[in-house]
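Visitor: I have the sequence and the coordinates open side by side. Could you walk me through a few places worth looking at?

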Amino acid sequence: MTTKRWNMNDIDKNQSYIKEAAGILQAGQTVAFPTETVYGLGADATNPQAVSKIFQAKGRPEDNPLIAHVATKEQLQRLVTSIPAYVDKLIAAFSPGPLTFILPSNGICASNVTAGLDTIGVRIPNHPVALQLLKEVDIPIAAPSANISGKPSPTTADHVFNDLEGRIAGLVDGGPTGVGLESTVIDCTQEIPVILRPGGVTKENLESVIGHVLVDPGIIDGEGKPKSPGMKYKHYAPEVPLWIFEGDSNGFQELIEKEQQSNHRVGVLCSNQFAVQLSHDNIYQLGDSMEEIASSLYDGLRYFKQQAVDVIICESLPESGIGQAIMNRLRKASDSTIT
């Protein structure tokens, strides 16, 4: 299969590119496209054969549910049987945006989108290219991250192309994404909503709009049948071992030197502030703020694929706000935590 790539920097041709990509999706093929979180690999969510092509391209088990992407609240309403009043408030506050709602499915989307559950995850992405494409295609688009299953999610079109060239029909290149982590997933089938996956919209953000919100224990222990992507299998992993270090810069430096004495080539992921406290020649600095760290995390994990390293050691980060999502992804990707 030849993967067609459209560069959305060509303003004069953008609309024709969108129409061409939409036509390929309507014909039952797969197209990757940018969202504000990560690049998604899209297919017609109402067409089970099209959805199967997502799993085939990614090498992903079909017992993990997908998120249906739509352009408007009206399109979202077409896919569900009911919407609680608090969801209306959340949509008004955070959509379009990095927030996925788990709601009762009305069966319009294929069963391999919902992994056989009676619920469906739906979101309205906040990216101009994604919204143009979704409006043009006018069908719900199932779209997990556009990467080989288990590897770091893609935040640039080059990441997608490196993973999936020849496996998918098209790639809409809309430049780098913004948030850099997958959307927050919230179960809205109960009186009190439950966060199933932390992301760019934090628990504090949600509670500022609707009051009390619970956090599912599966975020920590990974037990139970998944209602949300990212809850069942190891995810986001680089191709070499990843360790999380919990401790100060002195202990981190000692660990680096210990590994070097064993002739291990060490790559380091850490904040800019932490980096200046270390003496090492292979550090990927993630940024100053937690938002910058979230945005660059997957690029950092992918960076070491091109480096000759035997182990990546990452600084443990505070778990307030978006830090909870960052550490959730790191734990899913890591081989061990060292204290």
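Guide: Gladly! Let us begin with strand 13 and strand 14, which run parallel and are joined by 3 bridges. Keep in mind that this is a predicted model.

Visitor: Which residue in strand 14 stands opposite valine 268?

Guide: Start from strand 13, which covers residues 266-270, and cross to strand 14, residues 283-285. The residue that stands opposite valine 268 there is isoleucine 283.

Visitor: In what order do the strands of that open sheet come?

Guide: The sheet is built from 5 strands with parallel pairing. Strand 14 and strand 16 (336-338) each have a single partner strand, so one side of each is left without a neighbour in the sheet. Neighbouring strands are turned against each other by 25° on average, direction ignored. With those two at the edges, the order reads 14-13-15-12-16.

Visitor: What angle does the direction of helix 12 make with that of strand 14?

Guide: Helix 12 (residues 290-303) packs on this sheet, where it touches strand 12 (242-245), strand 13 and strand 14. Its direction and that of strand 14 make an angle of about 165°.

Visitor: Which residue of strand 7 is the bridge partner of alanine 43?

Guide: Strand 3 and strand 7 pair in the antiparallel sense, over 2 bridges. Strand 3 spans 40-44 and strand 7 spans 141-142. The bridge partner of alanine 43 in strand 7 is alanine 142.

Visitor: Helix 2 is next on my screen. Which residue caps its N-terminal end?

Guide: Helix 2 runs over residues 48-58, and its buried residues include Val51, Ile54 and Phe55. Among the elements covering the buried residues are strand 3, strand 7 and helix 7 (157-164), while glycine 59, with a positive phi near 70°, follows the helix. At the N-terminal end, a side-chain oxygen lies 3.0 Å from the backbone nitrogen of glutamine 49, and it belongs to the capping residue, asparagine 47.

Visitor: Is alanine 22 buried or exposed?

Guide: Alanine 22 lies in helix 1 (residues 14-26). Leaving aside neighbours within four places in sequence, it is in contact with Leu133, Glu136 and Val137. Its C-alpha atom is 7.9 Å from that of leucine 134, 112 residues apart along the chain. Because its relative accessibility is 2%, alanine 22 counts as buried.

Visitor: Where is proline 96 found?

Guide: A cis peptide bond joins serine 95 and proline 96, with omega about 0°. Proline 96 itself is found in the loop between helix 4 (85-94) and strand 5 (99-104).

Visitor: What is the relative accessible area of asparagine 263?

Guide: Asparagine 263 lies in the loop between helix 10 (249-261) and strand 13. Its phi is positive, about 65°, although it is not a glycine. The residue is exposed, with a relative accessible area of 69%.

Visitor: And how does aspartate 138 count, by its relative accessibility?

Guide: Aspartate 138 lies in the loop between helix 6 (128-137) and strand 7. Its phi is near 55°, a positive value in a residue other than glycine. Because its relative accessibility is 41%, aspartate 138 counts as partly exposed.

Notes
Residues are numbered from 1 along each chain as its sequence is written. This is a predicted model: local features need pLDDT of at least 70, side-chain atom pairs count only at pLDDT 80 or more; totals for chains, interfaces and linings use all residues. Side-chain values use heavy atoms; hydrogens and water are left out. Buried means under 20% relative accessible area, exposed over 50%, partly exposed in between (1.4 Å probe, protein chains only). Helices (H or I, at least four residues) and strands (E, at least two) are DSSP runs, numbered from the N terminus. Contact means heavy atoms within 4.5 Å. A polar contact is a pair of N or O atoms within 3.5 Å; within protein, one must be able to donate a hydrogen and the other to accept it, and residues adjacent in sequence count only if both atoms are side-chain atoms. Two strands pair if DSSP finds at least two bridges between them. Axes are lines fitted to C-alpha atoms, for helices over the stretch in contact, and angles run from 0 to 180 degrees between N-to-C directions.
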